[in-house]
Amino acid sequence: MFESTGVATREMVMKTFPTKERLEKGSVAVIECYKEIPCNPCATACRQDAIKTFVDINDLPTLDHERCNGCTLCMVNCPGLAIVVVDKNYTGEDALFKIPFEFKPLPLEGDIVRGLNRAGEHICDVEVVKIQNPKSFDQTAILSLLVKKEYLYDFITIEVGVK
Amino acid sequence: METVELLIIGAGPAGLCAAISAVSSGAKVMLVDRNDTLGGQLIKQTHMFFGSEKQYAATRGTDITKILLAEIEKYKENIKIYKNTTALGMYEDGVVTLARNDKYIKVKPKAIIVATGASEKVLAFPNNDLPGIYGAGAVQTLMNVYGVKPGNKVLMVGAGNIGLIVSYQLMQAGVKVEAIIDAAPEIGGYLVHASKIRRLGVPIYTSHIVKEAIGLDYLEKAVLIEVDEKWQKVRGTEKEIDVDVMCISVGLTPLTELLMQKGCEVKYVPELGGLVPTRNENYETSIDNIFVAGDVSGVEEASAAMVEGYLAGLCAADKIGFRHDDFKKLKKDYIEQLHSLRAGPESDKIRGGIAKIERRAQDV
């Protein structure tokens with residue numbers, strides 16, 4: 001199914017996500033790289049030794065959620081834009097999602113934007129709390145977004161302004 | 001007749017890397033390209049590359065061009081670069097003819113690396129000549145090189161990496177991608193690329209083909225139809241979508257004409273895109289001192305093309321008497337890089353194709 005739609009199933013997402021216990025402890029990366037391709041920048045970028053060094057460049061990334069501190073270095077280096085960072089208990093009601101974003105114009109801090117699931121469906125509205133776009137990110141900006149906790153396993157990105 | 005030690009035809013990723021490798025081995029190089037900019041297809045690849053650090057992974061294709069050109073600049077006294085120069089023919093007596101600024105030039109190199117790349121395949125369906133129907137590569141050039149928006153509503157035909165990446169870049173340019181279709185039952189490109197565009201709301205219809213294009217003076221609609229597991233059209237499944245652009249990205253075919261004129265052995269290998277030259281592990285063809293690198297030797301990702309270029313440049317220079325100080329070490333490294341890039345499940349076809357064209361030492 002995934003091979004014909006490009007939409008990861010709930011089961012795949014749950015398997016990739018950190019455990020509930022780890023999510024309670026703060027920021028952590030979620031790497032949605034489900035199929036072996038010759039690509040290793042995430043492992044090369046990681047400074048925490050959380051992503052296991054690849055034996056074969058076609059390996060899938062293995063993330064040690066306990067070592068990961070959610071620093072976002074892997075995220076801006078992932079050519080597949082397949083990584084987000086989640087801080088589940090950012091507020092009582094909201095998780096903080098950091099997502100890679102390559103569309104211009106960038107939203108503004110404070111904007112309320114449309115949150116999408118993996119099939120591109122509008123599921124919630126989210127607030128942009130921070131935008132990081134330094135030169136070192138090489139045009140892949142990081143948006144920090146407030147997302148209601150109930151959408152933790154569904155939210156993945158925001159709608160872009162294509163009319 | 002200009003004297004040349006090593007002639008490299010094509011200054012895309014393979015040709016540029018071949019030039020760097022050969023000139024750093026001590027050879028004098030003439031690098032020709034028919035375009036007015038060097039870099040080939042790299043100059044419109046605005047996305048981050050896959051691979052490892054050695055193949056400039058996580059760097060955008062446009063920036064890889066800059067890195068390679070800066071490297072070439074270091075050796076400029078030993079590289080003659082001819083832009084706007086088309087190689088016209090490769091002859092039995094070793095002469096290569098070039099057209100440059102309306103002048104006809106003859107050169108007789110000691111060795112040649114053909115790095116001409118590949119061209120896009122076309123697709124047959126009624127009205128496929130309507131304005132608005134492009135190759136995906138053409139659309140990418142319009143957008144990313146010239147800043148021209150190709151239209152407003154796009155149908156992408158082909159869910160390989162090019163189709164998926166160009167769809168994403170169309171959205172970055174503010175163009176609506178109505179759908180991506182593919183005749184195959186599964187998405188052909190990397191699934192991270194598919195997910196990245198799917199999550200923005202672009203549907204991907206597998207087992208779908210274009211039945212016909214409709215429009216009076218330009219493309220107005222496309223009619224899609226499902227195909228079954230035997231690739232036969234399923235009656236009654238037609239759907240019309242309003243689009244003013246259709247991008248065809250159904251694969252590439254190697255540009256081997258010069259090699260065939262010269263008489264290099266070629267084989268039909270569908271896994272590699274069509275007719276491809278046979279070669280040994282040094283990327284030397286069936287004819288002595290004629291080397292190949294990049295898509296002309298089999299269509300693959302640009303990361304592999306660059307490594308092939310480095311390897312062919314190193315070996316071609318060696319063949320004409322310029323052995324790099326680290327020849328053995330570098331050669332081993334390039335061969336290992338190619339091996340690892342092609343080791344994964346996505347490269348099954350590539351490995352099968354290469355097994356058909358690579359001549360081992362005892363066959364040579």
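## Salt bridges, chain interface and domains in a predicted model

The side chains of Asp242(B) and Lys221(B) meet in a salt bridge, with N and O 3.0 Å apart. A salt bridge here is a side-chain nitrogen of Lys or Arg within 4 Å of a carboxyl oxygen of Asp or Glu. Asp242(B) lies in strand 14 (residues 239–242) of chain B and Lys221(B) in strand 13 (residues 221–226) of chain B, so the pair ties together parts 21 residues apart in sequence. Helices (H or I, at least four residues) and strands (E, at least two) are DSSP runs, numbered from the N terminus.

This is a predicted model, in which local features need pLDDT of at least 70 and side-chain atom pairs count only at pLDDT 80 or more, while totals for chains, interfaces and linings use all residues. Residues are numbered from 1 along each chain as its sequence is written, chains are lettered from A and ligands numbered from 1 in the order in which they are written, and side-chain values use heavy atoms, with hydrogens and water left out.

**Salt bridges within the chains**

- Over all chains, the structure holds 30 salt bridges.
- Asp242(B) is partly exposed, at 41% relative accessible area. Lys221(B) is also partly exposed, at 27%. The classes are buried (under 20% relative accessible area), exposed (over 50%) and partly exposed (in between), with a 1.4 Å probe and protein chains only.
- In chain A, the side chains of Asp154(A) and Arg10(A) form a salt bridge at 2.9 Å, N to O. This pair links distant parts of the chain, 144 residues apart. Asp154(A) sits in the loop between strand 6 (141–148) and strand 7 (157–158), and Arg10(A) in helix 2 (residues 10–16).
- Asp154(A) counts as partly exposed at 27% relative accessibility. Arg10(A) counts as partly exposed at 44%.
- Lys332(B) pairs with Glu336(B) in a salt bridge, the closest N and O atoms being 3.3 Å apart. Both residues lie in helix 8 (residues 327–341) of chain B, 4 residues apart, about one turn of the helix.
- Lys332(B) counts as exposed, at 54% relative accessibility. Glu336(B) counts as partly exposed, at 44%.
- Glu93(A), Asp94(A) and Lys148(A) are joined into one network by salt bridges that share partners.

**Interface of chain B and chain A**

- In all, 38 residues of chain B are in contact with 42 residues of chain A. Contact means heavy atoms within 4.5 Å.
- The two chains bury about 3300 Å² between them, and carbon and sulfur atoms give 60% of that area. Buried area is the accessible area (1.4 Å probe) that two parts lose on being put together, summed over both.
- On the chain B side, Met48(B), Leu191(B) and Arg199(B) lose the most area to chain A, together 20% of what that side buries.
- The rule finds 3 salt bridges across this interface. Glu346(B) and Lys35(A) meet in a salt bridge through their side chains, at 3.2 Å from N to O.
- Four elements of chain B give two or more residues to the side that touches chain A: helix 4 (161–172), helix 5 (191–198), strand 11 (204–206) and helix 8. Helix 5 gives the most, with 6 residues.
- That side of chain B divides into 19 nonpolar, 10 polar and 9 charged residues. Ala, Val, Leu, Ile, Met, Phe, Trp, Tyr, Cys and Pro count as nonpolar, Asp, Glu, Lys and Arg as charged, and the others, Gly among them, as polar.

**Domains of chain B**

- Chain B is divided into domain 1 (2–119 + 252–363) and domain 2 (122–248). The bounds come from an automatic or database domain assignment.
- The domain centres, taken over C-alpha atoms, are 31 Å apart.
- Domain 1 puts 9 residues in contact with 15 residues of domain 2. The two domains bury about 970 Å² between them, 57% of it on carbon and sulfur atoms.
- In domain 1, Lys44(B), His47(B) and Phe50(B) lose the most area to domain 2, together 52% of what that side buries.
- Between the domains the count is 0 salt bridges. The count of residue pairs in polar contact is 7.

**Backbone features**

- The peptide bond from Lys104(A) to Pro105(A) is cis, with omega near 0°. Pro105(A) is in the loop between strand 3 (94–101) and strand 4 (112–116) of chain A.
- Ala58(B) has phi near 70°, a positive value in a residue other than glycine. Ala58(B) is buried, at 14% relative accessible area.
- Trp231(B) is not a glycine, yet has a positive phi of about 65°. Trp231(B) counts as exposed, at 53% relative accessibility.

Notes
Polar contact = N/O pair within 3.5 Å; in protein donor to acceptor, adjacent residues only side chain to side chain.
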